[in-house]
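My notes follow in the order I took them.

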Amino acid sequence: MEDLAKLEQEFQARIDRGEIIEPKDWMPERYRKQLIRMISQHAHSEVVGMLPEGNWISRAPSLRRKKVLLAKVQDEAGHGLYLYCAAETLGISRDEMIDLLHQGKAKYSSIFNYPSLTWADMGTIGWFVDGAAIVNQTMLAKGSYGPYARAMIRICKEESFHKKQGYEIVANMAKGTPAQRKMVQDAVNRWWWPSLMMFGPPDNNSPNSAELLKWKVKKNTNDELRQRFVNMTVKQAQAVKLTLPDPDLKYNEETGNWDYGQIDWDEFWNVVKGNGPMNRERMEAHRKAHDDGAWVREAARAYHAKKSGRNAA
Ligand code: FAQ
C-alpha cells in the first residue's frame, strides 16, 4: 500500500514537472482508465462523424467540392485509426472498444446525432464542428500522455484544412443568392447550440475534469474552451455577415469575452443518453458497416495466422 502511494506521488511529480508519460511507464490505474475512456470516445466520434458528411458526397454541387469533401471524410477515418492505435497502447483492443460502443457503454460526441439537411450544413460543420474540435484538440496536443498528444498534432493540422474548406463554403453561400443566404443562415441557426455543447457540460457539472486537469490530460476546462470558441467564431460570423442565433450574445468590456445565453443542458443530456434526432440511425449505420466488414477482418486474421505459421516453421 505504501509502495502504491509512493508510485502515485512520483507519477504526480513527473506530471507536475511537465514530463510526458509513455505506454510502458508506470501509471495509476485510474489514469489508464480515464485515457481509454476519453481516447476511445474520441476515436468513435471521428468515425461516427463521417456519417453526416458522407451523406452529401454523392450530392456535392461540383467535382471540386466532391473531391474536397471526400478527402475530408477520409481524413476523419484516418483520425479514428490513429486514435484507436493510441488507445491500444493502454492495453485495450480495437475489438473491445467497438464492442463497448455497440453495447452503449462507450460514448461518441453528441454533435453527430444531428441531421445534415442541406449543402450549407457541409460548410457549417466544417466551420463550427471542426473549429470546435481544433480549439479542444490544440489543448489536448499539449497533454501528458505521449501517444495521444502526438496523434493530436497531425489531426489538428488536418482539422485546420477542414475548417477552412467549411468556412469557404459558408462565405461563398453568404454572398450568393437570397436563397443561398437563407440556406446558410438556417444551417448556422441549427448547428450553433449543438456546437457549444460539444465542449461538454459546464465546469460545475463535469465529474471527470478535476482528475483530467490534475493529470494534465486536459489543460483547460470545458467552459474555458467553449468561451475561446465563442470569441473566435463571433468575429468570423461578422466577417461574412451572418448572425449567430443568440439574442444574449454581447461583448463584455470588462472580461474581453463575448457573453452568451443559456445552453439547453436538458437537450444535451437527452442526446448523450441516446435520444437525439439521429442517435439510433447513427448506431445502426455503424453496426451495419461493422457487420459488412466481418469478412475483411476474418481474411486479415487468416492471412496473419498463415504468415506467422510460415515464419515459425
Ligand atoms: N458528447 O466530465 P465531463 C471531432 C460526457 S472530434 C457526448 O465533462 P470530460 C472531429 C462525458 O464523456 C469530437 N458525451 O467529461 C470531427 C462524460 O461521460 P462518461 C470529439 C459527452 O471527458 C469533426 C460526461 O459527459 N472530441 O469533432 C460530451 O472531462 C467533423 C461528463 O462530462 C473528443 O472526444 C459530448 N459532447 O470532457 C469529426 C475530444 N461531453 O464518459 C468528424 C476528446 C461530455 O464519464 C467531422 N474528449 N460528455 O460516461 C474531450 O476533450 C472530453 O472528453 C470532453 C468531455 C470535453 C468531450
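I started with Leu 7, which I found in helix H1, residues 2-16. The model is a predicted one. Leu 7 counts as partly exposed because its relative accessibility is 32%, and buried would need under 20%. I then noted that Leu 7 belongs to a nonpolar surface patch with Leu 4 and Trp 26, with about 240 Å² of accessible area together.

Next I went to helix H6. I read 22 residues, 119-140, and a span of 31 Å from first C-alpha to last, close to the expected 32 Å. I noted a bend of about 35 degrees at Ile 125. H6 is largely enclosed by the rest of the structure, because 20 of its 22 residues are buried.

Then I turned to the salt bridges, of which the structure holds 18. I looked up Asp 130 and Lys 72 and found their closest N and O atoms 3.0 Å apart. This pair links distant parts of the chain, Asp 130 in H6 and Lys 72 in helix H4 (residues 63-88), 58 residues apart. I have both Asp 130 and Lys 72 down as buried.

I also checked Lys 288 and Asp 292, whose side chains form a salt bridge at 2.7 Å, N to O. Both lie in helix H12 (residues 279-292), four residues apart, about one turn of the helix. Lys 288 is exposed at 53% relative accessible area, while Asp 292 is partly exposed at 44%.

Last, I noted a network in which salt bridges with shared partners join Arg 14, Arg 17, Glu 19 and Asp 25.

Note on methods. Residues are numbered from 1 along each chain as its sequence is written. This is a predicted model: local features need pLDDT of at least 70, side-chain atom pairs count only at pLDDT 80 or more; totals for chains, interfaces and linings use all residues. Side-chain values use heavy atoms; hydrogens and water are left out. Patches are made of residues with over 30% relative accessible area and no salt bridge: like charges are joined within 9 Å, nonpolar side chains (Val, Leu, Ile, Met, Phe, Trp, Tyr) within 5 Å. Accessible areas come from the Shrake-Rupley method with a 1.4 Å probe; for residues, only the protein chains shown count as cover. A salt bridge is a side-chain nitrogen of Lys or Arg within 4 Å of a carboxyl oxygen of Asp or Glu. Helices (H or I, at least four residues) and strands (E, at least two) are DSSP runs, numbered from the N terminus. Buried means under 20% relative accessible area, exposed over 50%, partly exposed in between (1.4 Å probe, protein chains only). The expected span of a helix is 1.5 Å times one less than its number of residues. The bend at a residue is the angle between axes fitted to the seven residues ending there and the seven starting there.
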